[in-house]
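Subject: Structure handover and notes

Dear colleague,

I am passing on the structure below, together with my notes on what was found in it. Please read the notes with the coordinates open beside them.

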Amino acid sequence: MRPVYVIAGGITKFAKANPAKDFRLMVKEAFDSALADLGGKLTPAEIDGSVISYFSDHFTRQLKAGAMVQDFVGLCPKPHVRIEGGGATGGLCFQQAWESIASGRYEVVAAMGFETMSQVETAKGNEFIALASDTDYDFPVGGYYNGYYAMMVVRHMHEFGTTEEQFARIAVKNHNNACHNPYAQERLALTLEDVMRSEYIAWPLKRHDICVMSDGAAVCLLASEKAAEKFCRNPIRISGIGAGSDCMRFADRPHGQVPLLPHEKKSDYKHLKYPGVHSFRAGRVAAMGAYKMAGIENPVEDLDVIELHDAYSSSELQTYEDLGLCKYGEGGRFIDQGQSTLQGKLPVNPSGGLLACGHPVGATGLMQAATLFWQLQRTIPKHFGNDKLQVKNARRGLIHSHAGTGTYVTVTILEKP
Amino acid sequence: MPTEPRLPEIERGTEVFAVDPLTIRTHFEVDYQHSYKQDTPFFHGLAKGKLLGSHCPKCSYKFATPRVHCMYCGGPTQWFELPTEGRVHSWTVCYFAAQEFLKEVPFTLVLVEFKGVDTLFLSRLVGVERRDIKIGMKAKARFRRKATWTVRDVYFVRAET
Ligand SMILES: [Zn+2]
């Protein structure tokens, strides 16, 4: 495998509804903004192919929507493929794009993602998403994702004593970060009281613990070393790739042992049955793969910034543990101590995350990638119009993409060469 | 003079949500002939008031939600009858739902654990207030008198302790 670089990113402003622009036009805007970032040095003619990510054909009401994006942005007759893996679609797309360069197949590739969720009412949207759970055993019971994640965190609370206030603190952190991100959908300076007083959607998850439906698109351009040198002044290297999976039905997951990271010991988890429904085994496995490839031994020491999949404030807390930022059971304390705030030891979701930026599924993982790319390029002030969210001296970062109840998870490490 | 051919005019108009950008109502509905295929015995079981899981004779692993092949050795599993009483492993009360279930809110989802069984079963818990639900509480399976031939034919209620 040869080295692969991110050379540009582009995002549309995520919005509850963008009725004036269809998915092709949104992707085109993100695509053009990525090209513009390279000062016109790269044109579509030099892109060898694309990987396109969108989650739901139900939302699009259009099969083969990827083909429409490909022609709209002017990449025909070059090859392209669609990637789909629920909420992790964007992360999987990014990794597929990486593979197309690492393998030597392409010199430059476009990873393009979108979702247009405003096509239906919110309850119908929840139903479309719930169809990504087992439609014979889970959905007919009244199953949907707010309920599944609620049950997962209820068990986490039982195992470890995690509290509603602890994950509410994550919602506060992410929403306040987003106030300085012009691309974010919900720029609300929420207080802990605001989150705690918002209505229950699925106990103990409240309105502000849950991300919003969104319309949006995001694009990343990846390149070989040679092409990166030619087209980009400050490319960022992809140094670690990891991915994992877990049973579609969370009821089917084992109650076994924790796969250990280098800085953990078996004795740390003597009585813990893992993953059960309290943790995301796919996230742990993805982290292990990415850390090994990037040579990361202690993530809190070795990473400077993280953009992770916080569709729920509770799942950000659970993900701290999967990524080994703290031990299993210590996610609540990690946020209590402010470790993941902008001023903390390891800022998590400085963008505002999915909770505040929105979660247009197929675009989300690529939005995270573009944001982290800017962090490491130290160009957040240029892209956000202010320097509030720029993590000082950020050199190495992590992006994490996650599909419903943790069925697919990707972890990717980026670093400044 | 021959008349110019023309399409007939429509009789009913189209519902318009917004004029610019033009936003219209379109409808999509489909009836499937959905077969439960190899899982059919599970649904037959529900109609007879039985909850069937899968047991791997090679690994001695017991799955509460059935699968005809073992996830660990790949071998075929055997059907076995689950106990009708279990315990609440986790739970939530839903105050909002997918559109199909909106009219049923609030309702309680539970993951049920059974003694000696390695995995869980997702179902509804009926008749227990939120403040009274506890992890570890006993719950027993109840079956609808009239089968719907779906997993909703079974639900759980609080078991006497
Ligand atoms: Zn077996």
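Asp57(A) counts as partly exposed, because its relative accessibility is 26%, and its side chain meets that of Arg82(A) in a salt bridge with an N to O distance of 3.1 Å. The pair links distant parts of the chain, with Arg82(A) in strand 3 (residues 80–83) of chain A and Asp57(A) in helix 2 (residues 57–60) of chain A, 25 residues apart. Arg82(A) is likewise partly exposed, with a relative accessible area of 28%. Please keep in mind throughout that this is a predicted model.

Over all chains, the structure holds 29 salt bridges, and a few others deserve mention. In general, side chains of opposite charge can pair when their charged atoms come close. In chain B, Arg124(B) forms a salt bridge with Glu104(B), where the closest N and O atoms are 2.6 Å apart. This pair also links distant parts of its chain, since Arg124(B) belongs to strand 8 (residues 121–126) of chain B while Glu104(B) sits in the loop between strand 6 and strand 7 of chain B, 20 residues apart. Is Arg124(B) buried or exposed? Arg124(B) is buried, because its relative accessible area of 14% falls under the 20% limit, whereas Glu104(B), at 24% relative accessibility, counts as partly exposed.

Back in chain A, the side chains of Glu29(A) and Lys21(A) meet in a salt bridge at 2.9 Å, N to O. Glu29(A) is partly exposed, with a relative accessible area of 34%, and Lys21(A) is partly exposed as well, at 29%. A further set of charged residues, Asp134(A), Arg249(A), Asp252(A) and Arg67(B), is linked in a network of salt bridges.

As a rule, most residues other than glycine have a negative phi, and most peptide bonds are trans. In chain A, the peptide bond from Trp203(A) to Pro204(A) is cis, with omega near 5°, and Pro204(A) is found in the loop between strand 5 (200–202) and strand 6 (205–206) of that chain. In chain B, the bond from Val105(B) to Pro106(B) is cis, with omega near -5°, and Pro106(B) is found in the loop between strand 6 (85–94) and strand 7 (107–113).

Positive phi values occur at Ser60(B), where phi is about 60° although the residue is not a glycine, and at Trp149(B), where phi is near 60°. Ser60(B) is found in the loop between strand 3 (52–55) and strand 4 (62–63) of chain B, while Trp149(B) lies in the loop between strand 9 (138–143) and strand 10 (154–158) of chain B. Trp149(B) is partly exposed, with a relative accessible area of 47%.

Finally, the second largest pocket contains about 340 Å³ of space. Of the 17 residues that line this pocket, the closest to its centre are Arg155(A), His255(A), Lys273(A), His89(B) and Glu113(B). The elements that give two or more residues to the lining are helix 6 (145–160) of chain A and strand 6 of chain B, and helix 6 of chain A gives the most, with three residues. By residue type, the lining divides into five nonpolar, seven polar and five charged.

With best wishes

Notes. Residues are numbered from 1 along each chain as its sequence is written. Chains are lettered from A and ligands numbered from 1 in the order in which they are written. This is a predicted model: local features need pLDDT of at least 70, side-chain atom pairs count only at pLDDT 80 or more; totals for chains, interfaces and linings use all residues. Side-chain values use heavy atoms; hydrogens and water are left out. Helices (H or I, at least four residues) and strands (E, at least two) are DSSP runs, numbered from the N terminus. Buried means under 20% relative accessible area, exposed over 50%, partly exposed in between (1.4 Å probe, protein chains only). A salt bridge is a side-chain nitrogen of Lys or Arg within 4 Å of a carboxyl oxygen of Asp or Glu. On a 1 Å grid over the protein atoms alone, a cavity is a set of points where a 1.4 Å probe fits but cannot get out, and a pocket is an open set with protein on both sides within 12 Å along at least five of seven lines; lining residues have an atom within 4 Å of a point. Grid points are joined across faces, edges and corners, and a volume is the space filled by probe spheres set on the points. Ala, Val, Leu, Ile, Met, Phe, Trp, Tyr, Cys and Pro count as nonpolar, Asp, Glu, Lys and Arg as charged, and the others, Gly among them, as polar.
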